[in-house]
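Reader: I would like to go through this model and ask, for each label, what it rests on. Please set the values against the criteria.

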Amino acid sequence: MSKPGPISAKPLSVLLSDVFSDAYAKQGFAARELVTRWADIAGPEIAAHSEPLKMQWPRPVEGQPQEPATLILRVEGPAALEIQHSSDVILQRVNRFFGWSAVGRLALRQAPLSRRASPARSRAPDPKSVAQVAETLSAVEDEELRAALARLGAAIKRN
């Protein structure tokens, strides 16, 4: 009887890369890395208040070199002025990422960012409820295991 071969599971990003590439191409992005790695490119201070929406490329004129694109950023309202003052730095960082002068100017659109806030950290369960659950776990001999199960049970009851 022969052994089954190794399972070759592919990452979801590989399977959906064509789908995402098409969606990003419709927004003018040649590569999706500008969107997915925005915090690395622009820096955490700028990325916390902005996100790239699309790149608008001017129509090519025959016999003329290609004009650089306009990067359109969605910016939170209060941070728009600060982002506008940092536009030269942002342009340098984006062009350094691409390796050539792909972007010539920024256009800002004030709107709430589309990404969701990070989930709130869960707080520890109430010690009183942990003690109540621990009383029901007298059959568990290991003290550390009993304490962990009591915390788990109290957290489940809380939610």
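Reader: What makes the length of helix 9 agree with its number of residues?

Author: The model is a predicted one. Helix 9 covers residues 143-158, which is 16 residues, and at 1.5 Å a residue it should span 22 Å. The expected span is 1.5 Å times one less than the number of residues. The end C-alpha atoms of helix 9 are 23 Å apart, which agrees.

Reader: Which residues of helix 9 are buried, and what do they pack against?

Author: Arg146, Ala150, Gly153, Ala154 and Ala155 are buried. The buried residues of helix 9 pack against helix 8, residues 127-135.

Reader: Why is Arg146 called buried?

Author: The cut-off for buried is under 20% relative accessible area. Arg146 has 19% relative accessibility, so Arg146 counts as buried.

Reader: What makes Glu143 and Arg146 a salt bridge?

Author: The criterion is a side-chain nitrogen of Lys or Arg within 4 Å of a carboxyl oxygen of Asp or Glu. In this pair the closest N and O atoms are 2.9 Å apart, so the pair meets the criterion. Glu143 and Arg146 are three residues apart in helix 9 and are therefore separated by about one helical turn. An α-helix has 3.6 residues a turn, so residues three or four places apart point the same way. Glu143, at 53% relative accessibility, counts as exposed, because the cut-off for exposed is over 50%.

Reader: What caps the N-terminal end of helix 9?

Author: Asp142 does. A side-chain oxygen of Asp142 lies 3.4 Å from the backbone nitrogen of Glu144. The limit for a polar contact is 3.5 Å, so the pair falls within it.

Reader: How many salt bridges does the structure hold?

Author: There are three. Besides Glu143 with Arg146, Arg37 pairs with Asp40, and Arg74 pairs with Glu51.

Reader: How do you know that Arg37 and Asp40 qualify as a salt bridge?

Author: The closest N and O atoms of Arg37 and Asp40 are 3.8 Å apart. The limit is 4 Å, so the pair counts as a salt bridge. Arg37, at 40% relative accessibility, counts as partly exposed, whereas Asp40 is exposed, with a relative accessible area of 59%.

Reader: What does the pair of Arg74 and Glu51 tie together?

Author: The closest N and O atoms of Arg74 and Glu51 are 2.9 Å apart. Arg74 lies in strand 2 and Glu51 in strand 1 (residues 50-56), so the pair ties together parts that are 23 residues apart in sequence. Glu51 has a relative accessible area of 9% and is buried.

Reader: Which residues touch the most other members of the largest nonpolar core?

Author: This core has 20 residues, and Trp38, Leu71, Leu73, Ile90 and Val94 touch the most other members. Strand 2 supplies the largest share of the core, four residues. In soluble globular proteins, nonpolar side chains tend to be buried together.

Reader: What is Trp38 in contact with?

Author: Leaving aside neighbours within four places in sequence, the contacts of Trp38 include Leu71, Leu73, Ile90 and Val94. Glu51 is also among the contacts of Trp38.

Reader: Is Thr70 buried or exposed?

Author: Thr70, in strand 2, has a relative accessible area of 12% and is buried. Not counting residues up to four places away in sequence, Thr70 touches Lys54, Met55, Gln56, Arg105, Leu106 and Ala107.

Reader: Why is Ala102 called buried?

Author: Ala102 has 1% relative accessibility, and the cut-off is under 20%, so Ala102 counts as buried. Ala102 is placed in the loop between helix 7 and strand 3. Leaving aside neighbours within four places in sequence, Ala102 is in contact with Trp57, Pro68, Ala69 and Asn95.

Methods: Residues numbered from 1 in each chain as written. Predicted model: local features only at pLDDT ≥ 70, side-chain atom pairs only at ≥ 80, totals over all residues. Heavy atoms only, no water. Core = buried A, V, L, I, M, F, W, Y, C linked by side-chain atoms within 4.5 Å. Buried < 20%, exposed > 50% of the residue type's maximum accessible area, 1.4 Å probe, protein only. Helix = DSSP H or I, 4+ residues; strand = E, 2+ residues; numbered from the N terminus. Contact = heavy atoms within 4.5 Å. Polar contact = N/O pair within 3.5 Å; in protein donor to acceptor, adjacent residues only side chain to side chain.
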